[in-house]
Amino acid sequence: VVDDGSTDGMSESVIAKYAKKYPSKVFGHMLPHQGVVPVRNFGLDNATGDFLIFLDADDLLPRDYVEKMLEEAVYGELDVVYADMHNFGKDFRIEVMPEFNKSKMLETNLVNMSALIRKAAIGGLRFDDYLNTRKVEDWDFFVGLMLSGAKFSNTQITLRKEWRHTGQRNNNLHRDKQFWDEHHKTVKYIKDKYRKQYPGQH
């Protein structure tokens, strides 16, 4: 469990509780606030299992989520498996994630961050520090995985649950021209980066 500099005191006590209860499985890391990219990269650098799932603070996973996703990955020989999302809170709905398509993935993210990822497929790939405050670090990461040869698939056998609330990091409401100008610059940065790394794959 990696804490990104929270100040409410709850995270440390919760982490300590479960680390004590499961000393061989739960490890707590209290970091100074840095943002999502350094924290996820810290998790990648310290992960020891064959597969990993990023679980954000506003996500819930059904009890059988890991088991079913792992089964799908192993038997399907997949590197990334992602599921539909059950949004709850003010925006209650089931968000059906599309089937994976390379061409579409180069234009927009099709994969949610709670996907099951085979660690061997990641290799030395890390989240891009430049994108730490630009909100599309997940898309950039999955595009990098895809272009490196990772095999993706959507599964509808289970639902990841995500809390949707006002002011959420990726909320597109009331965003102005300056935001969208910066967004387009960021998208261009990502596409240009991968064109250089993987010429001929765009």
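In the predicted model, the buried residues of helix H2 are covered by elements that include strands E1 (2-4), E2 (29-31) and E3 (51-53) together with helices H5 (119-122) and H6 (137-147). The buried set of helix H2, which spans residues 36-46, consists of Val37, Val39, Arg40, Asn41 and Leu44. Of these residues, Arg40 also takes part in a network of salt bridges with Asp56 and Glu137.

Twelve salt bridges are present in the structure. One of them joins the side chains of Arg126 and Asp45, with an N to O distance of 2.8 Å, and this pair connects distant parts of the chain, since Arg126 lies in the loop between H5 and H6 whereas Asp45 belongs to helix H2, 81 residues apart. Arg126 is partly exposed, at a relative accessible area of 29%, while Asp45, at 52%, is exposed because its value is over the 50% cut-off.

Asp181 is partly exposed at 31% relative accessible area, whereas Lys177 is exposed at 62%. An α-helix has 3.6 residues a turn, so residues three or four places apart point the same way.

On the surface, Val14, Tyr18 and Tyr22 form a nonpolar patch with about 260 Å² of accessible area together. Val14, located in helix H1 (residues 10-21), is partly exposed at 43% relative accessibility.

How values were computed: Residues are numbered from 1 along each chain as its sequence is written. This is a predicted model: local features need pLDDT of at least 70, side-chain atom pairs count only at pLDDT 80 or more; totals for chains, interfaces and linings use all residues. Side-chain values use heavy atoms; hydrogens and water are left out. Patches are made of residues with over 30% relative accessible area and no salt bridge: like charges are joined within 9 Å, nonpolar side chains (Val, Leu, Ile, Met, Phe, Trp, Tyr) within 5 Å. Accessible areas come from the Shrake-Rupley method with a 1.4 Å probe; for residues, only the protein chains shown count as cover. A salt bridge is a side-chain nitrogen of Lys or Arg within 4 Å of a carboxyl oxygen of Asp or Glu. Helices (H or I, at least four residues) and strands (E, at least two) are DSSP runs, numbered from the N terminus. Buried means under 20% relative accessible area, exposed over 50%, partly exposed in between (1.4 Å probe, protein chains only). Contact means heavy atoms within 4.5 Å.
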